[in-house]
Every structure is written in structure tokens, then in C-alpha cells.
Amino acid sequence: MRRSPSSLALVALVGCGSPPAPVAPRACPTGAITLAGQDDVAALAGCERIASLAIRTAEALDLAPLASLTAVAGDVSVGPTVGLSELALRGLREVGGTVKIAGNANLMGVFLPVLVRAGGFDIGGNAALTTVSLPTLEGTRALALADNPALELLDLSRLLAIEQALVIADNGKLVLVDFPSLTRAGSVRVENDKILPDEQAAALRKLAP
């Protein structure tokens, strides 16, 4: 049976169907963000720039979904936490405020492998912290690491200058500070790091005018 031209047109129209509706772009939060659980991490996945970030949790968070995060305009605050064992923000390049890491019971490593600039660092009172790795950091106003009894390694491979204060104190197992490019700091306090080699401590103190 031959079909009429009108019926053929109808079949063609039905077969093609309607074009898919456009997908709305993902809306990222505009205010302060606090991560307390894995659902909070998932909600932030894919965001590149945020206002500020706080992590306060008793869970073992996986931060890998935050690989797209490149900039935080304000502060990054981590602690208190219990379950968090590693702070790894592998895409983060810039922090406008201070990175404060304090009161983390099980945090063993801080890894910010592409961070270039941050307003300051305040890292203290972390019982299990062994490693702080900031291998691409070039400049910051201030850096303080104090009272981290398990801390062994501080990597500042590319850091050029600290505008204000450098404090490294009361880190009883600190054995290596890698700072081959660092030429100056506004002031320096290095004390009670019991096994830090004397020549490293002396070289750090010479950075101050």
C-alpha cells in the first residue's frame, strides 16, 4: 500500500523527535562554604572559584572531587577534624586570605602541589601531621608552623620571600625544611625544633634583615 505524502511527512516528523532541551550550567555557591560530610564535597564538585572554605568534620572526607577548584578569594580553614587524614587540593593555585590548619587529630599530610600565592599560613596544633608540601608557592605575607609534634618535612621549594613573619617553633620531629629559593623574611623565629639541624636553623634566621 502506497502512503500519501502527508503520512510520510508525519512519520518523518515523529521519527526525528524534538531537539534535546539545553542543560543549564552548574550554579556554584557564592557565599562561605563549610564541608562537614561527603555530600558537601559532592555539591562543590566542578566549581573553580569560591569565596571561602572551611572544613570541620568527624568523617574521612575524599577531596578528589574538588580537582577543579583553582581559587579561594578569602580564607581556607581546616579544623577541628577527626577523620580527615590528608588535605590535598590538587588544583588550587591562589588563596586570597590565610590558610589556617589547626586542631586536626588525624591529619598526616598537607599537599597543595600547584598553589602559587596565599595571603598567609597558620599551621599549628596538629598532633599527627608529618608533611607540609607547598612546592610551587612563590610568595606569602606570613608563615607560621608551631606545635606540630610529628612534623618532619616542610617543602618550600620555590618560595622566594615572606613579607612579614616566619615562625617555625615547637615541632619536635622536624628534620628538614627545604627552602632553596627563599632569600628574605620580615622577621624570623626558629626555636625548640629539637632535631632540626643547626645549620638549617641558622640559615633560616639569616633571612631576616
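Predicted model: local features only at pLDDT ≥ 70, side-chain atom pairs only at ≥ 80, totals over all residues.
Me: Why is the link between Cys28 and Cys47 called a disulfide?
Reply: A disulfide is a pair of cysteine sulfur atoms within 2.5 Å, and the sulfur atoms of Cys28 and Cys47 lie 2.2 Å apart, so the pair qualifies. A search of the whole structure finds one disulfide.

Me: What makes this disulfide left-handed?
Reply: The torsion about the S-S bond of Cys28 and Cys47 is about -105°, and the disulfide is therefore left-handed. The pair links distant parts of the chain, 19 residues apart, with Cys28 in the loop between α1 (5-16) and β1 (32-35) and Cys47 in the loop between α2 (38-44) and β2 (49-50). Helices (H or I, at least four residues) and strands (E, at least two) are DSSP runs, numbered from the N terminus.

Me: How do you know whether Cys28 and Cys47 are buried, partly exposed or exposed?
Reply: Buried means under 20% relative accessible area, exposed means over 50%, and partly exposed lies in between (1.4 Å probe, protein chains only). Cys47, at 2%, is therefore buried, whereas Cys28, at 30%, is partly exposed.

Me: Why does Ser77 count as buried, and which residues does Ser77 touch?
Reply: Ser77 has 19% relative accessibility and therefore counts as buried. Ser77 is found in strand β5 (residues 76-81), and, not counting residues up to four places away in sequence, Ser77 touches Leu53, Ala54, Ile55, Arg56 and Lys100, where contact means heavy atoms within 4.5 Å.

Me: Which residues touch the most other members of the largest nonpolar core?
Reply: Of its 52 residues, Leu35 and Leu53 touch the most other members. Such a core is a set of buried Ala, Val, Leu, Ile, Met, Phe, Trp, Tyr and Cys residues joined through side-chain atoms within 4.5 Å. Not counting residues up to four places away in sequence, the contacts of Leu53 include Ile33, Leu35, Leu44 and Ser77.

Me: What makes β6 and β14 edge strands?
Reply: Five strands form an open sheet in the order β6-β8-β10-β12-β14, with parallel pairing. Because β6 (86-88) and β14 (176-178) each have a single partner strand, one side of each is left without a neighbour in the sheet.

Me: How do you know that β8 and β10 pair?
Reply: Two strands pair if DSSP finds at least two bridges between them, and three bridges join β8 (residues 109-111) to β10 (residues 131-133), which run parallel. Phe111 stands opposite Ser133 in β10. Elsewhere, β11 (residues 139-146) and β13 (residues 161-169) pair in the parallel sense over six bridges, with Ala144 opposite Val167 in β13, and seven bridges join β13 to β15 (residues 184-191), also parallel.

Me: Why are the buried residues of α3 placed on the same side of the helix?
Reply: The buried residues of α3 (residues 198-205) are Gln200, Ala201 and Leu204. They cover an arc of only 100° around the axis, which puts them on the same side of α3, the arc being that of the directions from the helix axis to the C-beta atoms. These buried residues pack against β13, β14 and β15, while the face turned away from the buried side carries the exposed residues Asp198 and Glu199.

Terms used. Residues numbered from 1 in each chain as written. Heavy atoms only, no water.
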